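Hi,

Here's the structure I said I'd pass along.

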Amino acid sequence: MSREVSQSDLDCIENQLQRPPRDVHAIAYRCPCGKPAVIETPPRLQDGTPFPTFYYATCPRLTAAISTLETTGLMADMNNRIAIDPELSGKYFAAHEDYLASRAAVANDVPEVEGISAGGMPDRVKCLHSLIAHSLAAGPDVNPLGDEALDKLPKWWLDNPCA
């Protein structure tokens, strides 16, 4: 599906967020229904504000499912595993590097966010929304903890379109 952003996409995202979206660079992932679910936002907004969250989940069904997952203790479990599993820790660090490289491909001149990715990467888990958004945008086998969390979600898109 197209990564380009149409006016229809922007209208959909505004409906999803219940506010006008800010500086949407691309649609990073579309739900199977075709609606935007994850957007890319440049690391510096048009008003000059630094914005480190490159991948941002917009679909309210997706974000609600992630919020529910965050209440299960999964993040604490992931943090414990990162601390004792060097292989997982290394893969998670590589996910952090992928996130930074993808953002730098859009704009690499934002020193305020240099080295900062999202979701707690590279050494802790503090936001499954960011990790799952990264997994959806980058595809499988890039962010191991985002993939793991994504696998635990229900199929949020099945009941109704995501807008």
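A residue counts as exposed when its relative accessible area is over 50%, and as buried when that area is under 20%, with partly exposed in between. On that scale Glu-87 is exposed, because its relative accessible area is 55%, while Lys-91 at 45% is partly exposed. Keep in mind that this is a predicted model.

Those two residues form a salt bridge, with the closest N and O atoms 3.3 Å apart. Both sit in helix 4, 4 residues apart, or about one turn of the helix.

The structure has 6 salt bridges. Another one joins the side chains of Asp-9 and Arg-30 at 2.8 Å, N to O. Asp-9 belongs to helix 1 (residues 7–17) and Arg-30 to strand 1, so this pair ties together parts 21 residues apart in sequence. Both Asp-9 and Arg-30 are buried.

Then there's Glu-112 with Arg-44, whose closest N and O atoms are 2.7 Å apart. This pair links distant parts of the chain, 68 residues apart: Glu-112 is in the loop between helix 4 and helix 5, and Arg-44 in the loop between strand 2 and strand 3. Asp-77, Arg-81 and Glu-148 are linked in a salt-bridge network.

On to the strands. Strand 2 (residues 36–40) has 5 of its 5 residues buried. It pairs in the antiparallel sense with strand 1 over 4 bridges, where Arg-30 stands opposite Pro-36. The hairpin of strands 1 and 2 has 5 residues between the strands, and Gly-34 there takes a positive phi near 100°. Strand 2 also pairs with strand 3, again antiparallel, over 3 bridges, and Glu-40 stands opposite Tyr-55.

Cheers

Technical notes:
Residues are numbered from 1 along each chain as its sequence is written. This is a predicted model: local features need pLDDT of at least 70, side-chain atom pairs count only at pLDDT 80 or more; totals for chains, interfaces and linings use all residues. Side-chain values use heavy atoms; hydrogens and water are left out. Buried means under 20% relative accessible area, exposed over 50%, partly exposed in between (1.4 Å probe, protein chains only). Helices (H or I, at least four residues) and strands (E, at least two) are DSSP runs, numbered from the N terminus. Two strands pair if DSSP finds at least two bridges between them. A salt bridge is a side-chain nitrogen of Lys or Arg within 4 Å of a carboxyl oxygen of Asp or Glu.
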